[in-house]
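Please walk through this structure with me, moving from local backbone details to the helices and strands and then to the chain as a whole.

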Amino acid sequence: MICVTFDTADDGNAREETLFAAGDPAVLLWQAQAASLVVPRSRARKPGFDALREYVACAGWPILLRTSGGGAVPQGPGTLNIAMIARMPCGAHIEDGYRLICGAIAEALARFEVPTQTGAVNAAFCDGDWNVTVGGRKLVGTAQRWRPAGGGRALALMHAAIVIDHPPISVWPVLGDVEAHAGGVIPPRRDVHVSLNELLPEEMRPAAIHGALMRAAEDRLRALDSPRTEEAVAA
């Protein structure tokens, strides 16, 4: 089985952290069975967080915490996650990590004639400059963590959350409240997002995209170990 199913997003994030700690190149494709909202751990220090957490859980969207920054991200059966653990070449920068994972996703989707771009999308949840978009709507959000790996290199954990199906309508007011608590002024909106199942014919979901994502990600990890990659980044 290419895609691993976990009970919760906490379990998926924990597996990513285990791979990151091991330090070897790896690709993990996973989904969580239980619905949740995953937010940066730093938000737990904000006043009123415990009350917010109780309210959100009662609404059917328990809050889970992650180590990376950004905004709230719905997790559950409608979200496909891909993590890449890579030993980055000397001189690489965080933008190289984003290009690596966004490029793998773009290549995989191009096999199904889905053209992608990258960029911010106003009113998207967990918005950022390295969203993967289709027709100006957000399909994928990305995040990274880096640590030194010796010899001037770094180990990078690159994560992408892909919307397979739009989350239930109940999540949008909850997302708005969660982001307002963090100081956000623009509530996330459903219409600025697009789902993978809107873009692919029914017969191509989901197994075909799983294989395409794994192949594209693994090809890029293998290419990082070539001398040409080192020379290109150094130049």
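Cys126 lies in the loop between β7 and β8, and in this predicted model its backbone has a positive phi of about 45°, although Cys126 is not a glycine. The loop between β7 (117–118) and β8 also holds Ala123, for which phi is positive as well, at about 75°, again without the residue being a glycine. Most residues other than glycine have a negative phi. Ala123 counts as buried because its relative accessible area is 7%, a value under the 20% that marks the limit for burial.

Is Gly135 buried or exposed? Its relative accessibility is 72%, so Gly135 counts as exposed, the cut-off for that class being over 50%.

Ser36 is found in strand β3, which covers residues 36–40, and Ser36 is classed as buried because its relative accessible area is 3%. When residues up to four places away in sequence are not counted, Ser36 touches Ala9, Trp61, Pro62, Leu64, Val73, Pro74 and Gln75. Ile63, for its part, is found in strand β4, made up of residues 63–66, and a relative accessibility of 3% is why Ile63 counts as buried. Leaving aside neighbours within four places in sequence, the contacts of Ile63 are Leu37, Val39, Phe49, Leu52, Arg53, Val56 and Val178. Ile63 and Pro201, by contrast, are 33 Å apart from C-alpha to C-alpha, at a separation of 138 residues in sequence.

One of the residues in contact with Ile63 is Arg53, and Arg53 has its place in helix α2, residues 49–58. Apart from neighbours within four places in sequence, Arg53 is in contact with Ile63, Leu64 and Leu65. The C-alpha atoms of Arg53 and Val178 are separated by 8.8 Å, although the two residues are 125 apart along the chain.

Helix α3, residues 94–110, has 17 residues and should span 24 Å at 1.5 Å a residue; the distance between its end C-alpha atoms is 24 Å, so the model agrees with the expectation. The buried residues of α3 are Gly97, Tyr98, Leu100, Ile101, Cys102, Gly103, Ala104, Ile105, Ala108 and Leu109. An α-helix has 3.6 residues a turn, so residues three or four places apart point the same way.

Helix α6, residues 207–224, has 18 residues and reaches 26 Å from its first C-alpha to its last, close to the 26 Å expected at 1.5 Å a residue. Buried in α6 are Ile209, His210, Gly211, Ala212, Leu213, Met214, Ala216, Ala217, Leu221 and Leu224. Of these, His210 may be followed in detail: its relative accessible area is 10%, which is why His210 is classed as buried. Not counting residues up to four places away in sequence, His210 touches Ile2, Cys3, Leu29, Gln31 and Leu80.

These local views can now be set within the chain as a whole. The chain has seven helices and 10 strands, and 49% of its 235 residues count as buried. Among contacts between residues at least 6 apart in sequence, 74% join residues at least 24 apart. For 235 residues, a compact globule would have a radius of gyration near 18 Å, and the chain has 18 Å, which means that its value agrees with that rule. Taken along the principal axes, the C-alpha atoms fill a box of roughly 55 × 40 × 35 Å.

The surface and the charges complete the description. The chain exposes about 10900 Å², of which carbon and sulfur atoms supply 54%. There are 22 positive and 26 negative charges in the chain, and their mean positions are 3 Å apart.

Key:
Residues numbered from 1 in each chain as written. Predicted model: local features only at pLDDT ≥ 70, side-chain atom pairs only at ≥ 80, totals over all residues. Heavy atoms only, no water. Helix = DSSP H or I, 4+ residues; strand = E, 2+ residues; numbered from the N terminus. Buried < 20%, exposed > 50% of the residue type's maximum accessible area, 1.4 Å probe, protein only. Contact = heavy atoms within 4.5 Å. Rg over C-alpha atoms; globule rule 2.2 N^0.38 Å. Areas by Shrake-Rupley, 256 points an atom, 1.4 Å probe, with all protein chains shown as cover. Lys, Arg positive; Asp, Glu negative; His and termini not counted. Charge placed at Lys NZ, Arg CZ, Asp CG, Glu CD. Expected span 1.5 Å × (residues − 1).
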